[in-house]
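Here's a quick briefing to read with the structure open beside you. Take your time and find each spot as it comes up.

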Amino acid sequence: MDNDLHVIFGSGPLGQSVMRELVRRGKNVRITSRHPGLQGEGKLEVIAGDATDPQFCKQACKGAAVVYNCANAPYDKWPELLEPLFTNILEGAASADAGLIMVDNLYMYNSTAGPMTESTAIAPISRKGEIRARVAAKMLQAHKDGKARVLIARASDFFGPLVMMAAAGAQVFKPAIKGGRAQLIGDPEKLHTYSFIDDVGRALAVLGEHEDAYGEVWHVPSGETLKTREFVELIYDVAGHKAKMIKAPRWLFTVMGWFNPPMGEIKEMLYQFENDFVMDSSKFRNRFGDTSTPNWKAIELTVDWFRKNSN
């Protein structure tokens with residue numbers, strides 16, 4: 001119903017994407033933020049607080065019909081922070097008898113077995129994959145136990161407005177709009193699914209409108225999967241420049257990790273870019289339709305945002 005309250009945890013690129021889509025759909029929206037900047041007006045309420053505080057999570061969820069977990073923790077803090085953070089949000093949603101939509105990635109899958117579907121084996125090969133698999137299992141068990149209505153929405157690597165720290169983030173789009181050289185990770189000749197941030201936000205809003213979606217895992221629709229080289233060439237084409245790219249060596253992430261621990265954590269995830277990494281979202285498309293944006297249009301919107309927001 002249009003008067004239902006939708007609560008979003010996390011005001012980063014994804015949280016803001018969900019916020020925009022829900023507001024566009026006429027929903028009452030409350031978004032939590034640890035940082036000042038967002039302004040609430042009309043049907044949008046912004047509240048300051050930290051989801052590591054369980055009492056704040058319960059307070060933020062009061063009156064909610066649907067809760068969207070778009071929160072995250074620094075890469076290097078996942079072992080100690082991720083599960084407690086997500087548990088707090090789960091408890092908050094349960095206290096309000098609200099549906100919980102948990103945003104997830106693909107780290108827990110055996111990605112070497114071909115395109116990843118919701119039935120792909122849970123066989124993580126990284127520490128972060130093990131953490132994600134454990135947390136996802138806990139969330140789905142809470143649904144089975146009747147503690148809360150939970151669904152999991154999984155996406156691949158983000159790109160789009162506000163997305164800076166990502167494989168297809170600022171280090172690709174900023175050089176592309178200036179005719180410089182993009183820095184890539186992994187093998188650019190491997191297939192890789194990239195998820196447009198606004199497509200993820202749209203898919204979450206769709207899931208939030210369907211009670212029968214709970215208790216399941218859903219892969220959100222993304223644009224056509226291309227080789228990373230082809231994807232980057234399309235970015236440069238849209239930006240009006242000839243593609244230039246260089247592959248970052250593995251050792252670079254070790255060195256960067258000495259000064260920036262989250263960057264050092266990327267090294268164990270490089271396998272996703274050194275092999276084909278394809279997400280299949282046919283389950284969602286067959287049930288709710290194709291909500292994805294064509295790659296060229298998503299890239300056009302992203303290039304436009306970087307042009308307006310880059311120094």
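Helices H5 and H7 make a right-handed crossing. Keep in mind that you're looking at a predicted model. Their axes come within 8 Å and cross at roughly 40 degrees.

**Where the two helices touch**
- H5, which covers residues 170-178, brings Val172, Phe173, Pro175, Ala176 and Ile177 to the contact.
- From H7, the partners are Val232, Ile235, Tyr236 and Ala239.
- Sort that contact by class and you get 9 nonpolar residues, with no polar and no charged ones.

**The cavity**
- About 60 Å³ of space lies inside the largest cavity.
- Which helix gives the most to its lining? That's H7 (residues 228-239), with 4 residues.
- Val172, Val232 and Ile235 are among the lining residues, and these names also turn up in the contact of H5 with H7.
- Other residues lining the largest cavity include Ala167, Ala168, Leu184, Ile185 and Tyr194.
- By class, the lining has 9 nonpolar residues, 1 polar and no charged.

**Over at Thr112**
- Look for Thr112 in the loop between strand S5 (99-104) and helix H4 (127-144).
- Is Thr112 buried or exposed? Thr112 counts as exposed because its relative accessibility is 62%, and the cut-off for exposed is over 50%.
- Thr112 and Gly179 sit 67 residues apart in sequence, and their C-alpha atoms are 35 Å apart in space.

Conventions: Residues are numbered from 1 along each chain as its sequence is written. This is a predicted model: local features need pLDDT of at least 70, side-chain atom pairs count only at pLDDT 80 or more; totals for chains, interfaces and linings use all residues. Side-chain values use heavy atoms; hydrogens and water are left out. On a 1 Å grid over the protein atoms alone, a cavity is a set of points where a 1.4 Å probe fits but cannot get out, and a pocket is an open set with protein on both sides within 12 Å along at least five of seven lines; lining residues have an atom within 4 Å of a point. Grid points are joined across faces, edges and corners, and a volume is the space filled by probe spheres set on the points. Ala, Val, Leu, Ile, Met, Phe, Trp, Tyr, Cys and Pro count as nonpolar, Asp, Glu, Lys and Arg as charged, and the others, Gly among them, as polar. Axes are lines fitted to C-alpha atoms, for helices over the stretch in contact, and angles run from 0 to 180 degrees between N-to-C directions. A crossing is left-handed if the near helix is turned anticlockwise from the far one by less than a right angle, and right-handed if clockwise. Contact means heavy atoms within 4.5 Å. Buried means under 20% relative accessible area, exposed over 50%, partly exposed in between (1.4 Å probe, protein chains only).
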